[in-house]
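Open the model in your viewer and keep the selection tool ready.

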Amino acid sequence: ASRRNRRIYITRRQAPGGRRILNEPDLVRLLEGYGFTAYALENLDIPAQIELFYDADAVVAPHGAGLTNLLFAQNIDVVELHPTHAIMPHYYYLSRSLGHRYYYVSSGESGRNCSFEVDLQKLTQLLHRTHLAQI
């Protein structure tokens, strides 16, 4: 049975390409206060990624392939971080089809592969509008 005891932040600091979080140290510090732990999925083999997401309670991540692991989670909260105001809907549809609760925070960059800063105030407000502020 899933323990549902992991709050996951997927970092892209080692991933090839763009969509790096420019204020990631501040973001990680904020999320740690809500019980999240940062994971670089590039450092985990496939069975470890499956186990990690199987025990997930919530996931926060910039848009990217790591969110495909949502397939292995059950009824979780997903917060996707987007570089632009336009939302890339891949993981919204995946989340909805799996029964996950989906939220997002968008930034104001012009390109969808840009590195970007997360508005920590908007994220904090989102966490408090949901049950994610409770540890």
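A nonpolar core here is a set of buried Ala, Val, Leu, Ile, Met, Phe, Trp, Tyr and Cys residues joined through side-chain atoms within 4.5 Å. Keep in mind that this is a predicted model.

**Stop 1: the largest core**

Select Tyr-9, Leu-27, Leu-31, Val-79, Leu-81 and Leu-123. These residues have the most contacts inside the largest nonpolar core, which has 18 residues. Now color by element of secondary structure. Helix 1 (24–32), strand 3 (56–62), strand 4 (77–82) and helix 4 (120–129) each give two or more residues to this core. In soluble globular proteins, nonpolar side chains tend to be buried together.

**Stop 2: around Val-79**

Center on Val-79. Which residues does Val-79 touch, leaving out those up to four places away in sequence? Val-59, Val-60 and Ala-61 are among them. Tyr-103 and Val-105 are also in contact with Val-79. Leu-123, Leu-126 and Leu-132 complete the list.

**Stop 3**

Another core lies apart from the largest one and has 16 residues. To find it, select some of its members, including Leu-41, Leu-52, Ala-61 and Ala-73.

**Stop 4: salt bridges**

Switch to the charged side chains. The whole structure holds four salt bridges.

Select Arg-7 and Asp-57. Their side chains form a salt bridge, at 3.1 Å from N to O. Arg-7 sits in strand 1 (residues 6–10) and Asp-57 in strand 3, so this pair ties together parts that are 50 residues apart in sequence. Are the two partners buried or exposed? Arg-7 has a relative accessible area of 10%, so it counts as buried. Asp-57 is buried too, at 15%.

Move to Arg-13 and Glu-24. Their closest N and O atoms are 3.3 Å apart, in a salt bridge. Arg-13 is in the loop between strand 1 and helix 1, while Glu-24 is in helix 1, 11 residues apart. Arg-13 is partly exposed, with 46% relative accessibility. Glu-24 is buried, at 8%.

Finish on Asp-26 and Arg-29. This salt bridge brings the closest N and O atoms to 2.4 Å. Both residues lie in helix 1, three residues apart, about one turn of the helix. Arg-29 is exposed at 52% relative accessibility. Asp-26 is partly exposed, with a relative accessible area of 38%.

Terms used: Residues are numbered from 1 along each chain as its sequence is written. This is a predicted model: local features need pLDDT of at least 70, side-chain atom pairs count only at pLDDT 80 or more; totals for chains, interfaces and linings use all residues. Side-chain values use heavy atoms; hydrogens and water are left out. Buried means under 20% relative accessible area, exposed over 50%, partly exposed in between (1.4 Å probe, protein chains only). Helices (H or I, at least four residues) and strands (E, at least two) are DSSP runs, numbered from the N terminus. Contact means heavy atoms within 4.5 Å.
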